[in-house]
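Colleague: I am new to this structure. Please take me through its spaces, its residues and its ring pairs, and say what each term rests on.

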Amino acid sequence: MCGTGLTGPGHRRGATSHRRTIWVLALVGVCILSPTITQTASADPAADTVDTGFAIPFAGAPGYESLAPTQVTTPGQLNQPLGQQAADEIAGQVGLTRADALSEQQYRDLITGGGVGGSREAAEVIDACAQILTNTNGRPLYSNVDGHLTPSVLASYGLYVNTSGLLESPANADAPTRQVNPLIAPGGFVGTWLRNNDATRTLIALYRSAYTVQAVYGFAAQQISGAAQLVTNTKGGVSSEVGMSMAPPLWIVNFALLYILNPSLAAAMPAHWTPIPPPVAYAIHSSPTGQIPFSDYASYFQ
């Protein structure tokens with residue numbers, strides 16, 4: 001699905017803000033449910049802490065960093081999807097199994113606006129989230145770029161091109177992966193739909209997984225990242241930037257959400273991240289909206 005949740009600039013704060021952070025889909029977008037479980041994740045950390053080059057909160061909960069994508073080391077890794085075997089292995093380490101995912105019928109109903117209380121409008125947002133987060137090789141997004149329908153594949157950069165031809169982070173306030181917030185808010189559409197369509201077990205499994213603790217880190221990361229929603233990575237004395245969706249906690253949050261929707265979607269997520277070309281990152285940071293015309297910067301991604 002998609003990933004960030006209750007992290008928009010206009011999100012209200014108050015006495016219940018701490019509780020809300022537990023439910024935040026910290027990504028960059030993620031599309032899902034209104035939680036009803038307030039426990040922390042029961043899944044044990046999957047691995048020892050490793051130096052990913054990301055700092056807290058962008059590194060996420062200690063012990064899960066090694067599950068997130070590593071930096072590209074060969075050209076062939078750019079925008080490569082995980083594959084199903086790797087996705088199933090990662091799911092197991094964050095506390096999920098195939099049995100926790102929606103059934104094929106439940107999945108089809110949700111993304112087509114069917115089922116009890118279905119909504120075509122909500123389904124379109126959810127589907128857009130999934131497409132953005134799985135924009136890997138073989139799964140291009142098509143956008144209107146200077147009047148031309150143009151394909152783009154940019155998942156490893158943590159960027160995407162919106163339908164109007166603007167390049168942005170999936171965590172941008174304009175993105176479906178952020179506009180999904182009302183659907184996933186407590187009492188919102190998705191949680192209600194899951195309960196009304198015999199999928200409460202899926203919701204429970206999600207919130208018993210590493211999703212819960214990682215969402216807290218992701219929420220914090222987004223709150224301090226401004227309009228650009230980019231993340232700095234520093235390793236071996238070299239600093240670079242990548243879109244928010246590739247930071248470990250956000251990637252894992254989105255992975256968990258996509259996996260419970262349909263394991264094959266999680267398998268299409270990017271397996272590696274790569275730095276955004278510096279002139280592009282600078283332009284995104286300089287833009288008051290965090291958006292820039294893709295046509296002006298497409299050559300950096302060829």
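**Cavity, pocket and rings**

Modeller: The largest cavity holds about 80 Å³ of space. This is a predicted model, in which local features need pLDDT of at least 70 and side-chain atom pairs count only at pLDDT 80 or more, while totals for chains, interfaces and linings use all residues. Residues are numbered from 1 along each chain as its sequence is written, and side-chain values use heavy atoms, with hydrogens and water left out.

Colleague: What makes a space a cavity, and what makes it a pocket?

Modeller: On a 1 Å grid over the protein atoms alone, a cavity is a set of points where a 1.4 Å probe fits but cannot get out; a pocket is an open set with protein on both sides within 12 Å along at least five of seven lines. Grid points are joined across faces, edges and corners, and a volume is the space filled by probe spheres set on the points. The whole structure has one cavity of 30 Å³ or more.

Colleague: Which residues lie nearest the centre of the largest cavity?

Modeller: Ile132, Leu133, Ala155, Ser245 and Met246 do, out of 13 lining residues, where lining means having an atom within 4 Å of a point. H4 and helix H10 (248-261) each supply at least two residues of that lining. Helices (H or I, at least four residues) and strands (E, at least two) are DSSP runs, numbered from the N terminus.

Colleague: How does the lining of the largest cavity divide by class?

Modeller: Into 10 nonpolar, three polar and no charged residues. Ala, Val, Leu, Ile, Met, Phe, Trp, Tyr, Cys and Pro count as nonpolar, Asp, Glu, Lys and Arg as charged, and the others, Gly among them, as polar.

Colleague: How much space lies in the largest pocket?

Modeller: About 230 Å³. Of its 13 lining residues, Ile132, Tyr160, Asn162, Thr163 and Pro176 are the closest to the centre. Helix H4 (120-133), strand S2 (141-145) and strand S4 (160-161) each give two or more residues to the lining, which has seven nonpolar, five polar and one charged residues.

Colleague: Why is Asn162 called buried?

Modeller: Buried means under 20% relative accessible area, exposed over 50%, and partly exposed in between (1.4 Å probe, protein chains only). Asn162 has 8% relative accessibility, so Asn162 counts as buried. Asn162 is in the loop between S4 and strand S5 (166-168). Leaving out residues up to four places away in sequence, Asn162 touches Ser143, Glu168, Asp174 and Gln291, contact being heavy atoms within 4.5 Å.

Colleague: Why does Pro151 count as partly exposed?

Modeller: Because its relative accessibility is 44%, and partly exposed is the range between the two cut-offs. Pro151 lies in strand S3 (residues 148-152). Apart from neighbours within four places in sequence, Pro151 is in contact with Pro140, Leu141 and Tyr142.

Colleague: What makes the pair of Tyr207 and Tyr211 edge-to-face?

Modeller: Rings of Phe, Tyr and Trp (its six-membered ring) pair if their centres lie within 6.5 Å; planes under 30 degrees apart count as stacked, over 60 as edge-to-face and the rest as tilted. The centres of Tyr207 and Tyr211 are 5.0 Å apart and the planes are at 90°, so the pair is edge-to-face. Tyr207 counts as buried because its relative accessibility is 0%, and Tyr211 counts as buried at 0%. The whole structure has seven aromatic pairs, and ring pairs link Tyr157, Phe294 and Phe301 into a cluster.
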